[in-house]
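Dear colleague,

I am passing the structure below on to you, together with a short account of what was found in it. Please read the account with the coordinates open beside you.

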Amino acid sequence: MEDRDVKKIVREGYGAIAGKGGSCCGPAEPCCCGASKADEISSQIGYSMEELKSVPEGANLGLGCGNPVALASLRKGETVVDLGSGPGLDSFLAANAVGEAGRIIGVDMTHEMLEKARENARKGGYGNVEFRLGEIENLPVADATADAIISNCVINLSPDKERVFREAFRILKPGGRLMVSDIVLEGELPQQVRESAAAYVGCVSGAVLREDYFRMIEEAGFENVEVESAEYPLKMMFDDDTAEAIMAGLDISQEEMARLERLVVSAKIKAVKPA
Ligand SMILES: C[S@@+](CC[C@H](N)C(=O)[O-])C[C@H]1O[C@@H](n2cnc3c(N)ncnc32)[C@H](O)[C@@H]1O
């Protein structure tokens, strides 16, 4: 797939998910879990119910694969950029952590997600959270702006991950932290999965090997790159209907699906821009 086509498919997929009001980092068509299902999934991937209750209703569509805010050890007054902010869950949690003296900038390329996030900010009275339309490969953020960058299950969707990490490096202040939850692979995916648009939107086929992900972060200039944890999340990320729909669409057997589940890992990754 050409990069342009990938972006179009991803944008359309997440536009549809925003319109439906729920999914599970899965393809737009089969999955539309409601608020309680989204909260159930999110509590399995690292959010506390208290956190989920502290954000405006509709900010959690169950699209993440970890909890980068928990990783970010944010301090009062910090500026945080959320790459691929979706409906805003992590941006609002980050806003709660940095307080009124802090500032959050969420960036997303999907209009429908942006509208949802902005409405959620209005509903929740978040005056210090701003959502900008833009691509994470060309961040609409000035150099050396952020103390921390968070991102949840987004960079795997980019066809140019090297560029995303270079952009992240550019907008961080010296000493700034990159804190990411994302999908990485422990081995090569079967060909029919690699070529599936549904599995791409579902955060699977755009993912790269864990060592390649690491290398790209280091090549962008980051240091102290480390993985805090890595889990096998497919069962958690997809509700059963979605997993079934992907399997049916791809024509893969239960055994292949079981192998796939072991290849696809949700990792929490930290790195620092040298001071
Ligand atoms: C799986 S969702 C995660 C949303 C959010 N981080 C969360 O956890 O709720 C991926 C989001 O990233 C956005 N996205 C994907 N690729 C992007 C890109 N290249 N530039 C900007 N946003 C992108 C999508 O529009 C979507 O809102």
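Which residues have the most contacts inside the largest nonpolar core? This is a predicted model, in which local features need pLDDT of at least 70 and side-chain atom pairs count only at pLDDT 80 or more, whereas totals for chains, interfaces and linings use all residues. Residues are numbered from 1 along each chain as its sequence is written.

The residues in question are Val 80, Val 81, Ala 94, Ile 149, Ala 168 and Ile 183, and the core to which they belong has 78 residues. Its largest share, seven residues, is supplied by strand S5 (residues 172-185). A nonpolar core here is a set of buried Ala, Val, Leu, Ile, Met, Phe, Trp, Tyr and Cys residues joined through C-beta atoms within 7 Å; a residue is buried if 20 or more other C-beta atoms lie within 10 Å of its own, exposed if 12 or fewer, and partly exposed in between, with C-beta atoms placed from the backbone. Helices (H or I, at least four residues) and strands (E, at least two) are DSSP runs, numbered from the N terminus.

Of the 275 residues of the protein, 52% count as buried, and the protein has 13 helices and seven strands. The seven strands of the open sheet follow the order S3-S2-S1-S4-S5-S7-S6 with mixed pairing, where two strands pair if DSSP finds at least two bridges between them. At the edges are strand S3 (129-133) and strand S6 (223-231), each of which pairs on one side only. Strand S1 (residues 79-83) and strand S4 (residues 146-152) pair in the parallel sense over four bridges, and Leu 83 stands opposite Ser 151 in S4.

Helix H5 (residues 89-98) is largely enclosed by the rest of the structure, because eight of its 10 residues are buried; among them are Leu 89, Asp 90, Phe 92 and Val 98. H5 is followed by Gly 99, whose phi is positive, near 75 degrees.

H5 also bears on the ligand: helix H1 (3-20) and H5 each supply at least two residues of the shell around the ligand. Of the 25 residues around the ligand, Gly 64, Gly 84, Gly 86, Met 109 and Thr 110 come nearest, a residue being near a molecule if its C-beta atom, placed from the backbone, lies within 6 Å of it. The shell divides into 14 nonpolar, seven polar and four charged residues, with Ala, Val, Leu, Ile, Met, Phe, Trp, Tyr, Cys and Pro counted as nonpolar, Asp, Glu, Lys and Arg as charged, and the others, Gly among them, as polar.

With kind regards
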